Amino acid sequence: MFGIIQRYTHWLHTRWPSGHVERLPAVGENGETNVPGLFVCGDLTGIPLLKFSLDSGVRTVRHIAESPLFSKDSESTPETFDVVIIGAGVSGYAAAVEAKRLGLSYRLLESATPLSTLINFPKQKPIYTYPKEMTPQGELQVSAEIKEALVEELQAQVGQHGIETVEAHAERIEREGKRLKVILSGREPIYGRTVIAALGRSGNHRTLDVPGEDLEKVYNRLYDPKDFRGQ
Ligand SMILES: Cc1cc2nc3c(=O)[nH]c(=O)nc-3n(C[C@H](O)[C@H](O)[C@H](O)COP(=O)(O)OP(=O)(O)OC[C@H]3O[C@@H](n4cnc5c(N)ncnc54)[C@H](O)[C@@H]3O)c2cc1C
């Protein structure tokens with residue numbers, strides 16, 4: 001099943017016969033990219049579904065843990081984490097839970113709010129957890145049928161695993177010797193033996209940078225048109 005979907009999305013993103021299709025990074029089965037030590041999981045792999053995102057985060061970390069990068073002669077140091085995960089969405093959390101379970105040192109970076117893509121779904125949005133027969137690898141699972149319950153069940157699961165996030169916006173990644181340096185906006189960089197880009201594809205909305213835009217009555221997204229009925 002995974003193979004067929006992966007071949008389809010590869011075709012869709014690289015050979016779609018008409019019009020412009022947004023290009024995605026070329027990613028291997030376990031999230032590998034052509035940059036050694038840099039991995040990709042979740043929506044950025046091309047399959048925009050919750051279950052695949054969870055699954056890919058876990059598979060990527062398992063692959064990293066088994067790779068020669070983690071042989072005994074290349075130990076992590078207090079300044080260099082085994083894995084730096086960029087993005088506390090569905091796939092980033094799945095990766096963090098698995099890293100913790102496997103005893104890897106990790107940091108999970110989030111530039112907005114953890115699970116922000118899900119939190120920004122419209123109010124009461126129905127959730128389709130396809131493929132029904134698929135059980136993602138790892139500890140995190142989804143079964144909720146509406147947005148609010150989905151956010152709640154995932155928050156409860158990550159809470160149980162004690163996964164914490166660091167509020168930081170990753171700007172870019174540079175190689176520094178054997179390790180990767182993640183450059184962050186307005187703060188010191190962070191170093192990883194490996195880095196997982198779990199950024200999703202929703203992006204963060206642009207703000208206008210004008211006085212008053214942080215007031216409670218100012219919205220950047222339409223959650224529920226009913227809230228504005230008659231206004
Ligand atoms: C409107 C909508 C409805 C959907 N409905 C369904 C559905 O019903 N069923 C289903 O299976 N799937 C659905 N999906 C798809 C599902 O939400 C995605 O597959 C899933 O959220 C992808 O997880 P992810 O971890 O790859 O990315 P995301 O969940 O998008 O998480 C990425 C995280 O990375 C953070 N981030 C981004 N850039 C940076 C940076 N530079 N530094 C630090 N952090 C950063 C973001 O703030 C975000 O929190 C829907 C998606 C959308 C947009």
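Me: Which of the 32 residues around the ligand come nearest?

Reply: A residue is near a molecule if one of its heavy atoms lies within 4 Å of it. Here D43, S91, E110, T117 and Y128 come nearest to the ligand. This is a predicted model, in which local features need pLDDT of at least 70 and side-chain atom pairs count only at pLDDT 80 or more, while totals for chains, interfaces and linings use all residues. Residues are numbered from 1 along each chain as its sequence is written, and side-chain values use heavy atoms, with hydrogens and water left out.

Me: How many Å separate a polar side-chain atom of T117 from an oxygen atom of the ligand?

Reply: The distance is 2.5 Å. The backbone takes part too: a polar backbone atom of L49 lies 3.2 Å from a ligand oxygen, and a polar backbone atom of S111 lies 3.2 Å from a ligand nitrogen.

Me: How many residues of the shell around the ligand are nonpolar, polar and charged?

Reply: The shell has 17 nonpolar, 12 polar and three charged residues.

Me: Which residues touch the most other members of the largest nonpolar core?

Reply: In soluble globular proteins, nonpolar side chains tend to be buried together. A nonpolar core is a set of buried (under 20% relative accessible area, 1.4 Å probe, protein chains only) Ala, Val, Leu, Ile, Met, Phe, Trp, Tyr and Cys residues joined through side-chain atoms within 4.5 Å. Of the 35 residues in the largest core, I85, Y93, L118, L150 and I196 touch the most other members. A second, separate core of 12 residues includes L38, V84, V182 and I190.

Conventions: Buried means under 20% relative accessible area, exposed over 50%, partly exposed in between (1.4 Å probe, protein chains only). A polar contact is a pair of N or O atoms within 3.5 Å; within protein, one must be able to donate a hydrogen and the other to accept it, and residues adjacent in sequence count only if both atoms are side-chain atoms. Ala, Val, Leu, Ile, Met, Phe, Trp, Tyr, Cys and Pro count as nonpolar, Asp, Glu, Lys and Arg as charged, and the others, Gly among them, as polar.
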